[in-house]
Every structure is written in structure tokens, then in C-alpha cells.
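Please keep the 3D view open as you read, and take the points one at a time.

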Amino acid sequence: MRFRPCIDIHQGRVKQIVGGTLKDSADGTPETETPEVNFETETSSAEFAKMYQRDGIFGGHVIMLSRDEATLQAAIAAVNAFPGGLQVGGGVTAGTAMALIDAGASHVIVTSYVFRDGLVDEERLAELVKTVGKNRLVLDLSCRKRGDDYLVVTDRWQRWTDVAVDAVGMRKLANSCDEFLVHGVDVEGMKLGIDEELVRRLGKYSPIPVTYAGGARSLADLELVRGAGGGAVDITVGSALDCFGGTLAYDDVVKWHDTQKLLIV
């Protein structure tokens, strides 16, 4: 199990935004409503990337939360600063993916582009695999609970799909990607604690590496993920970290991460 760092970028700046408050307008253009921001900093995306490189923390996620040139350039600056150490997502398509890989991203992260009308768009998914290769593609299965199921949501987490986070759904998608990134949308950015049931399902059903994001606020929560996921689910921590305005010491999480390398699960 590993700690996966993050760099969330909105309008060119590193921010932490409460999940579900970032919305596009009806025609798909950038948001018209102001999202709820937990944290904003003058520290550049590249500086965060260099910090992760210094500490040997690979596989972090650079997420472009707005569709503007400043955000794209900040994402490119991050992967330039830590070549091969970071993954990039946020509005990625088959047409834009290779530019991010060429800039230094190890993988691209894709959600909404490969879903249409609540279903997986098989043509687009195949096009992405052909463009960047299965081994450089991460599928973001951001999800919400409805009834007894966790269903993937797309388009800024506002549109429900019929794709469930279960053995059948994850096994099928795993044939087309290298990893999964799963946001527990109902707790994302709120520091309310993790969605333990979702983590348990990820550990049980994912046949490839999977990272959980959402609600982690303490080292105890990281241990809870390790237990619930059977040591097979990685964890992202964002708003809770002191480098993003929270109270959980980043240095303590790095030490915890280093300890995991010595454990035999």
C-alpha cells in the first residue's frame, strides 16, 4: 500500500475544492458558479512536484479542475518538474493525452471522455488505448452510492452512469487500463473520514492497482484503508495535509508511506 500525493489545479493555481461544488454550465463550458474552496496557495504546482520527487513519492495525481490555458500550463510545469513521477487528469481526451505524456506524465487519468449516456463508450476507450497504450492509462471511477451499489459518476460528478464498482464492472474495465483511481465523491474534500465500505469493495474487486481518494484526515484513517482494503488499496490525502491547509503533517504521512514498504501484508 502506498500514499499517492495530489496537485489539484484550478484557474492555474493549486487549490483544494469540496467535491461536488465544481460544476460546468449546461452547455459544457467552464463553471459559472464559484466552487467551495478549502485551500488556495501561491506555491506553484512545480514546487509541489519537486517536493514529492525529493521524498520519493511516485504515482501522484495532477488534476486539472478547470479548462483554461493557465491550468494546462501549471499541469505541464508539474510533470516537467517530476518526469515520470506524476499522472495527469481533468478533461483528457485521445487528442490531448499524448501531449501530457510527452511533457513528462507517467499516465493520463480519464473519466468522462470514455462515458456517454451513462455507458462506457467503447470506441473512445479503444482510441485512448491505441493512442497512449493500456500501460499509461488510468480510469477514474469516481462514484456515489445509490441503493446498495456504488455507481460511477461523470461530468464533474453530476451525471450518473450504470457502471457499478463491482467484480464484473472492474474486471471488464481493467482490460483497458493500468490502474484505477476511485473518488468517494460523497466525502471528497470534506475531511469527514473515509468511505470504508467503498474501500472494502475496491480491495475485494479490483484486479489491478487501485487508489482511493476521499475524506482521509488522519494516520488512523490511512490505517483504516490499509485494513479495509487488505493492503491492496493505495490512498490519496489532500485537504487534510498541512501543506494544503489541514492539520495532518505531510512529513508524518511520508514516514507512514516509507514504513509500508517494509511491511509484508
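**Notes on salt bridges, a sheet and confidence**

1. The side chain of Glu197 forms a salt bridge with that of Arg201, at 2.7 Å from N to O. Both residues sit in helix H6, and because they are 4 residues apart, about one helical turn separates them. Arg201 counts as buried, since its relative accessibility of 19% falls under the 20% cut-off.

2. Before going further, please remember that this is a predicted model. The average pLDDT of the protein is 90, and 91% of the residues reach at least 70. One stretch calls for care: residues 25–32 have a pLDDT below 50, and in the model this stretch makes 13 contacts beyond near neighbours in sequence.

3. Where does helix H6 lie? Helix H6, residues 196–205, lies across strands S11 and S12, and runs at about 90 degrees to S12.

4. Those two strands belong to an open sheet of 3 strands, ordered S11-S12-S13 and paired antiparallel. Strands S11 (143–146) and S13 (159–164) are at the edges; each has a single partner strand, so one side of each has no neighbour in the sheet. On average, neighbouring strands here are turned by 45 degrees against each other, direction ignored.

5. Looking at one pairing in detail, S12 (residues 149–154) and S13 run antiparallel and are joined by 3 bridges. Leu151 has Ala164 in S13 as its bridge partner.

6. How many salt bridges does the structure hold? There are 14. One of them joins the side chains of Asp234 and Arg2, at 3.3 Å from N to O. This pair links distant parts of the chain, with Asp234 in strand S16 (residues 233–236) and Arg2 in the segment before strand S1 (3–4), 232 residues apart. Asp234 is buried, at 7% relative accessible area, whereas Arg2 is partly exposed, at 33%.

7. Another salt bridge is formed by the side chains of Arg13 and Glu40, at 3.1 Å from N to O. Here too distant parts of the chain are linked: Arg13 is in strand S3 (residues 13–17) and Glu40 in strand S4 (residues 37–40), 27 residues apart. Arg13 is partly exposed at 30% relative accessible area, and Glu40 is partly exposed at 38%.

How values were computed
Residues numbered from 1 in each chain as written. Predicted model: local features only at pLDDT ≥ 70, side-chain atom pairs only at ≥ 80, totals over all residues. Heavy atoms only, no water. Pairing = 2+ DSSP bridges. Axes fitted to C-alpha atoms, helices over the stretch in contact; angles between N-to-C directions. Contact = heavy atoms within 4.5 Å. pLDDT = per-residue confidence, 0-100. Salt bridge = Lys/Arg side-chain N within 4 Å of Asp/Glu carboxyl O. Buried < 20%, exposed > 50% of the residue type's maximum accessible area, 1.4 Å probe, protein only.
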